[in-house]
Amino acid sequence: MTDAAVHGHESSTGISNIKLGMWTFLGSECLLFGGLISTYMLYRGRVTGGPRPAQIFDIPFTSVSSFVLLMSSLTMVLAVSAAHKSEDKKTNLWLTVTALLGATFVGGQVYEFTAFYNEGLGFSTSLFGSSFYTLTGFHGVHVTVGIIMLMALVGIFKRSEVPGKKAEVVEMIGLYWHFVDIVWIIIFTLVYLIPV
Amino acid sequence: MAIIERETEVTATGIDIATPTTTYGVLKRPVAATGWRAWVFTVDHKKLGLMYGATAMFFFIVGGVEALLIRLQLAAPNGKVLNADLYNQMFTMHATTMVFLFVMPMAAGFANYFIPLQIGARDVAFPRINALGFWLLLFGGIFINLSWFLGGAADGGWFMYAPNSGPVFSPTHGIDFWAFGLQIAGVASLTGSINLIVTVLNMRAPGMTLMKMPIFTWMMTVVQFLLLFAVPVITVALFLLSFQRNFGARFFDVAAGADPLLWQHLFWIFGHPEVYILVLPSFGIVSEVLPVFSRKPLFGYPFVVFSGAAIGFVGWGVWAHHMFASGLGPVSVAVFSLTTMAIAVPTGVKIINWTLTMWGGKLVFSTAMKFSIGLIVLFTVGGLSGVTHSVAPSDTQQTDTYYIVAHFHYVLFGGAVLGIFSGFYYWWPKMFGKMLSERLGNWNFWLMVIGMNLTFGPMHILGLQGQPRRMYQWTEARAGEGLFNFAFWNLVASIGSFVLAVGILLFLINVVITARNPTKSPLDPWNSRSLEWMTSNPPKEHNFDVIPTVHHLDEFFHRKYEEDPATHTMRQIATAEEVLAEQERNADKHIHMPSPSYWPIVLAGAVPIITFGMIFSHLIAVVGGVILLFASFGWALEPSTAPESDFENQAAHGTALDKVGH
Amino acid sequence: MTSVWIMLVKKSRAILGFAAISIVAASCGTNAPQDTWQPKGPNSKIIDDLQRPVFAVAGIIGLIVAVAVIYTLIKYRDRGQPIPEQTHGKPALEITLTIIPALILAVVAVFTFGAIFKLAKTDDTEMIINVTGQQWWWEYDYPTQNEFGITQPIISSGQLVMPVGTKVLLRETSRDVIHSYWIPALNGKRDAVPGRVQTLRLEADAPGIYAGQCTEFCGLSHANMRMEAVALSKADFAKWVANQQAAYVAPAKDSLAQQGEEVFLNQCVRCHQVNGLMRADGTPAIAAPDENVWSGSAPNLTHLMSRNTFAGASFDLLSKQCRDEVWNAPSDVVGTKYLAGVTEECLNQKDLRSWLRNAPAMLPMYANATQLKATGGKYRGMPYLALTEDDISKLVAYLLTLK
């Protein structure tokens, strides 16, 4: 619920509290991923006998799963648009599709981790291993949290009203989802595409 | 989603208010109860502010006892009070406690209590998240201190440099507790900062533009932005450390090719903004107190605002001045030397503005005012010794000696702590409806100031004489000759620390005496200037009967006084009582406040269970995870209000706060 | 109210007096061995020349602020005057007061930059010494440098011996955690970081012993991780080098020292190297500290008695009286006194014997087997060896032969 209701006047900025809160939070997240990405960039070449990045990365596979994640941003946009038009069924549909695409990406990441592990890259193998799993793992956890939020939203919408303006909530979670996607584009470029 | 409507008739346009007809959650939403429930399930920013304050005060005493033990150990050569292991834990936990569990939560307490009041709001933007933040902080603080009883506390220093913090060099669980505990407290800081930023940006009373905001709110806003961007950096560092210690990651393992300086960079990118996070709240308090007791507006308000913001920005570009001896290379050293000098300028601006605020005023030396004046003088000492560090070659002599200990205690005790005490005396009547004794306050002030100068003043000399920090013993062989050697100054410092302790004890006695004293404080005891005084003492749960419309900086003052056009002196046109009566006449008919909630404390309680499990048994972590998930869903599905029948009209009764002071 | 400002004035006098006494007391009189304001070489002189004016300027500014504040408090205390005009500031005044400190700092910055780059120079180095930190002692390793007569590497610990008037470059690293090398009389600090090699310039003007202390917190016995730099005249330094390179002299047959050599071979040589020491079967005794100590290193004890300290520099090898004689010797004779080494009369029997009896009781270390899980059983420090008093006497006699 926004403050406007409490104060009887609009918010000072005209942006709802939850959206402003999410923007603020994402500002903080930039620094979190900034720190993790810096750590990875510092350590990516330090393999101490374990596999090198180029030996294990499967660029075509990861490209496909990256594409899937990018598509989920599109479906998220469609969900927000439907929510603004108060088309509840469409909103729920696109939210579900977004969550499914996200789940596909996470599934791909689990597969990829398993494959890398079998090729000899454990969490403790080398600095490359530790920092790779930490960075991509943190991103994967962010996607997973996003999926949980999307599914919870669908569940709540199906049962009844949510407090506050529905479109506002969808848009807020949409902000988060787009942010996580953008971070992945950066990670994919820096981790997978730029050679050590 | 956190502020909850009960009634729907008074709503803003464009906002759909749900009227829930079913209870989604497992539990009903609690009603505003009395007794302990009123505190444990509260989402009221004022109660949470007081709880932050009480928690911080508790940890201040814990950290203070640790400090006294350190000074006992160092009072004489070859001290035997503590052994090396215990001493290392003691100085690590003293700093950790004072920084993360005293100054930060105390500032959070003031911010929580006074920002909504100062901007004319009825609560913060996200009251439940606010409660979550408090409980996380409390549990995080307890979690860190549990290590004392479970094999020993962290022993790597609060800066926790790698690789000395690795599992090989610190085999106890102390650092695990430390890292996870700070992580928990970090989440509290992050949620708090988001909450307050949104509150300040979105919930100001009509007419209150950013440049009409009270200066305390301004400084706290800068602090919240610093927290917002600094906390994630330490979060990363702590994750790397925990992953190394608990899951076998190699981040600081030199044998695997790790660079130990990575930790230092991450830590100080957080750590230097942290310094400003600690001191800017007190700058804000002092900038409130000085004008009130000078009967004059803050001199150069825009300069103070912008210098605060400038400190906030430049504070990000000075971190490596903590690493002048680390071997950064001369170019980096020169650059960071320059930025460090640059940050001295906006800090100096503040000192000048405070002094000029008093210039031409009508100075009333209340205890609050004395603490603020003490801050100006003593912080200046710390600031100037700070400038001597910015001279990098000179710093390579002083760093890691007691000169640095002296410097940052003048900054943090002379700055942050004196400001906090000024805030206590100034705002006590506002928070509790009673005034702290000014007579005891006078003793409190002088003992603290004399004690702190005796304690930390000699440390300048000890440092220049070459006594390094973090040594559990000093020896006569390196103490020098004559009377004024290590032995003399160490003894003076130790005696001073007990004088200081007596000063703080007097404050606690003052609090008890005041609580027992039935005398109520006047409505506006200090002739104050800002909005928080335009309501009852303590404020009602909904803060203001009507949200004031703001026309001036120092709105309250301008409702009491107007300028005589001929003489330019001020004449009183209304008393505080009259201003308040006017407010009450126009009181809002329908005021909606959020209902209490079970979930913040439950959710926060799950987190230390998870981290405890990370250290000892992953099974416990799973249990914590289940509770966390359960609480998250409870939170999300919580009915937006208590059932109608349970609702009690709080506004009519005042709050439980009324009972605190009695 | 008046009582308040009278107290303030009194207090200010006390502060000023206190400050004055402090400055005097700090800068002279105490002769503390690690005093940072008594430079004894060109590098520390560069720092000193920079910091003295900076401290003076800082002191003056502090005084101005204090006086301004106190004057304001007295002048504008509440004497019943009306509430003043609500002025909000004078931008011109504030801009001026912002620019003045900025200019002062700009001047300081110029001199600071000069000093930073002077102290970072390495191309004028005349002598290199490798310095390696480990918990809780420093190893000094002199690579072969024929111009100083160092024809084979010298490995020592505890005391850094260097020639005067020579631009020495320390190349620092560490075998475990971060340490920091600091001889205040000769230069500021430089951290010894594992995995990195970092340099520090040292040069002493006159022969003498200069005290220092590890200044990066390095664990349990950080407080005991001391060092001493011994500057010798060039001639004395040549003598020291010659002695360090002298061949091993086995103890006389059937002496107590020879029995001590046997104890040493049974116990100590697992970690401590003595160059030239032979086993009974005629093979050289090679220490293997890497099998027993986590850092992989233990002090090399060849020519132990040429040093004045043991256990790094945690303890004195000289008795108090003999030590004072060396430390307080005028600079023209300090070299001779130092090169005399540790004689039987001057040996600090008490500390050395209790060290051999039970080292962890003297110095906090991780040498307790129950605490060694994290290092896979390897010590951090010297363990308790359960030597008999007899063995200790024999060892002391043997160690005394390591001139």
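Reader: What share of the 662 residues in chain B is buried, and what makes a residue count as buried?

Author: Buried residues make up 66% of the 662 residues in chain B of this predicted model. The cut-off is 20 or more other C-beta atoms within 10 Å of the residue's own.

Reader: What makes B:Trp533 buried rather than exposed?

Author: B:Trp533 has 27 other C-beta atoms within 10 Å. The cut-off for buried is 20 or more, so B:Trp533 is called buried.

Reader: Where in chain B is B:Trp533, and which residues does B:Trp533 touch?

Author: B:Trp533 lies in the loop between helix H14 (486-516) and helix H15 (555-560) of chain B. Leaving aside residues up to four places away in sequence, B:Trp533 touches B:Lys430, B:Asp524, B:Ser528 and B:Phe556. As for B:Trp427, 106 residues separate it from B:Trp533 in sequence, while their C-alpha atoms are 9.4 Å apart in space.

Reader: How do you know that the radius of gyration of chain B agrees with a compact globule?

Author: With 662 residues, a compact globule would have a radius of gyration near 26 Å. Chain B has 25 Å, so the value agrees. Along the principal axes, the C-alpha atoms of chain B fill a box of roughly 75 × 70 × 50 Å. Of the contacts in chain B with a separation of 6 or more, 83% come from residues 24 or more positions apart.

Reader: Why are H7(B) and H9(B) called roughly parallel?

Author: The axes of helix H7 (residues 261-294) and helix H9 (residues 330-358) of chain B cross at roughly 15° and come within 9 Å. Angles under 35 degrees count as roughly parallel, so H7(B) and H9(B) are given that name. Their crossing is left-handed.

Reader: Which residues make the contact of H7(B) with H9(B), and how do they divide by class?

Author: H7(B) supplies B:Phe283, B:Val286, B:Leu290, B:Pro291 and B:Ser294. H9(B) supplies B:Lys350, B:Trp354, B:Thr357 and B:Met358. By class, there are 6 nonpolar, 2 polar and 1 charged residues.

Reader: Which chains have the most contacts, and how many residues of chain C are in contact with chain B?

Author: Among the 2 pairs of chains that touch, chains B and C have the most contacts. There, 86 residues of chain C are in contact with 87 residues of chain B. The side of chain C that touches chain B has 49 nonpolar, 26 polar and 11 charged residues.

Reader: How far apart are the nearest C-alpha atoms of chain A and chain C?

Author: They are 13 Å apart, and chain A and chain C do not touch.

Note on methods:
Residues numbered from 1 in each chain as written. Chains lettered and ligands numbered in written order. Predicted model: local features only at pLDDT ≥ 70, side-chain atom pairs only at ≥ 80, totals over all residues. Rg over C-alpha atoms; globule rule 2.2 N^0.38 Å. Buried ≥ 20, exposed ≤ 12 C-beta atoms within 10 Å, placed from the backbone. Contact = placed C-beta atoms within 7 Å. Nonpolar A, V, L, I, M, F, W, Y, C, P; charged D, E, K, R; others polar. Helix = DSSP H or I, 4+ residues; strand = E, 2+ residues; numbered from the N terminus. Axes fitted to C-alpha atoms, helices over the stretch in contact; angles between N-to-C directions. Parallel < 35°, antiparallel > 145°, perpendicular 65-115°, else oblique. Left-handed = near helix turned anticlockwise from the far one by under 90°.
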